[in-house]
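Dear colleague,

Please find below the sequence and the structure that I am handing over to you. My notes on what was found follow directly after them.

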Amino acid sequence: MKLDDDNRLWKDGISFTSFSSQTADYALSKLSKVEAFSISDLFSLYKDILWDDGNHKYNVSSFLGELDEILLGERFSVLDQDTVDGLIGKLRERGNSNATINRKMAALSKLLRKAYKMGNIHNLPEFRRQKERAGRIRFLEREEEDRLFSAVRSRSEDCYRLCIFLVDTGCRLGEAIGLIWNDVHDHRVSFWITKSGRSRTVPLTARAREALIVGGVRAKGPFSMLNQPNFRAIWNDAKAEIGLGTDLQVVPHILRHTCASRLVQGGIDIRRVQMWLGHQTLQMTMRYAHLATNDLDSCVGVLERRIA
């Protein structure tokens, strides 16, 4: 940074304005104090302010950690649009769907808005939501469930109990692992820490009640002896054993889809399915509505042409 003959302050070919030498020295001292932060730095600063403890915060940590790794931990005070678009491109190269990209970039956008408000960064790039396709919902057939659960059981009885509980309650993996015994009462279970932030209580099937029986030392909750990484590792080994190793949709969350699909196919109205799953909006539950095929059977009689 330097002054020209007209007392204009120049830096990297840019003229700021007309300054006295004293003002220029002050401006230089202030500019030299601009800090730079990595995504990891900003997350450490604001994680406890922006996100409650729980499974969602764990996912956000993973999302932002991946974005920080793509940027090689680079520190910045300005994040330009090209960098944001480059992150999206890298995520797509890694096989992320548009829906997954949107979740990861939403976490980054929330973090950057806070950092901008607090003066850590000096701009907010535009985050363009990627178009999401509804796609096909994969759920387990009864025969697939039997084979998969048998393979899981051969590896871990606790993981087998968890599989039964997930498919019969439709809860999320983090919701089940986070249960404590006080959440189970009168053949019902209450989920307090949920993705939507709304608690819900659902009744338990006979086999879901059996799945809550823990042998040996009493733990804090029915599944508190498990964690997500270990469960997923056992799940992946089991699905590979039964020939589903290449099916990318056979992840633990498929048990939630399976529960929802069975409720709809069994004639439960869509509003009750929404309440059971704890969806924030009916639109989320409507993904399963097409499975209620019996609701359309009466239409055929209206359309049939009578042949004399």
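**The loop between strand 4 and strand 5**

Asp 186 sits in the loop between strand 4 and strand 5 (188-191). Helices (H or I, at least four residues) and strands (E, at least two) are DSSP runs, numbered from the N terminus. Please note that this is a predicted model, in which local features need pLDDT of at least 70 and side-chain atom pairs count only at pLDDT 80 or more, while totals for chains, interfaces and linings use all residues. Residues are numbered from 1 along each chain as its sequence is written, and side-chain values use heavy atoms, with hydrogens and water left out.

Asp 186 is not a glycine, yet it has a positive phi of about 50°. His 187 lies in the loop between strand 4 and strand 5 and has a positive phi of about 60°, although it is not a glycine either. For context, most residues other than glycine have a negative phi. The classes are buried for under 20% relative accessible area, exposed for over 50%, and partly exposed in between (1.4 Å probe, protein chains only).

**The chain as a whole**

The chain has 14 helices and 6 strands. Of its 308 residues, 41% are buried. Among contacts between residues at least 6 apart in sequence, 60% join residues at least 24 apart; a contact means heavy atoms within 4.5 Å.

**Individual residues**

Glu 175 is located in helix 8. With a relative accessibility of 6%, Glu 175 counts as buried. Apart from its neighbours within four places in sequence, Glu 175 contacts Phe 191, Ile 193, Thr 194, Lys 195 and Arg 200.

Ile 180 belongs to the loop between helix 8 (173-177) and strand 4 (184-185). Its relative accessible area is 30%, so Ile 180 is partly exposed. When residues up to four places away in sequence are not counted, Ile 180 touches Lys 220, Gly 221 and Pro 222. Ile 180 and Phe 191 are 11 residues apart in sequence, and their C-alpha atoms are 9.7 Å apart in space.

His 253 is placed in the loop between helix 10 (228-241) and helix 11 (254-265). His 253 is partly exposed, with a relative accessible area of 38%.

**Helix packing**

Two packed helices are described by the angle between their axes and the distance between the axes. Here, axes are lines fitted to C-alpha atoms, for helices over the stretch in contact, and angles run from 0 to 180 degrees between N-to-C directions. Angles under 35 degrees count as roughly parallel, over 145 as roughly antiparallel, 65 to 115 as roughly perpendicular and the rest as oblique.

Helix 2 (residues 39-50) packs with helix 5 (residues 98-117) at an angle of about 90°, and their axes are 10 Å apart. Helix 2 is therefore roughly perpendicular to helix 5. In this contact, Ile 39, Leu 42, Phe 43, Tyr 46, Ile 49 and Leu 50 of helix 2 meet Leu 108, Lys 110, Leu 111, Leu 112, Lys 114 and Ala 115 of helix 5. By class, these residues are 10 nonpolar, no polar and 2 charged. Ala, Val, Leu, Ile, Met, Phe, Trp, Tyr, Cys and Pro count as nonpolar, Asp, Glu, Lys and Arg as charged, and the others, Gly among them, as polar.

For helix 6 (residues 142-153) and helix 7 (residues 157-169), the packing angle is about 150° and the axes are 7 Å apart. Helix 6 and helix 7 are therefore roughly antiparallel. From helix 6, Glu 145, Phe 149, Val 152 and Arg 153 meet Glu 157, Cys 159, Tyr 160, Cys 163, Ile 164 and Val 167 of helix 7. The contact of helix 6 with helix 7 has 7 nonpolar, no polar and 3 charged residues.

With kind regards
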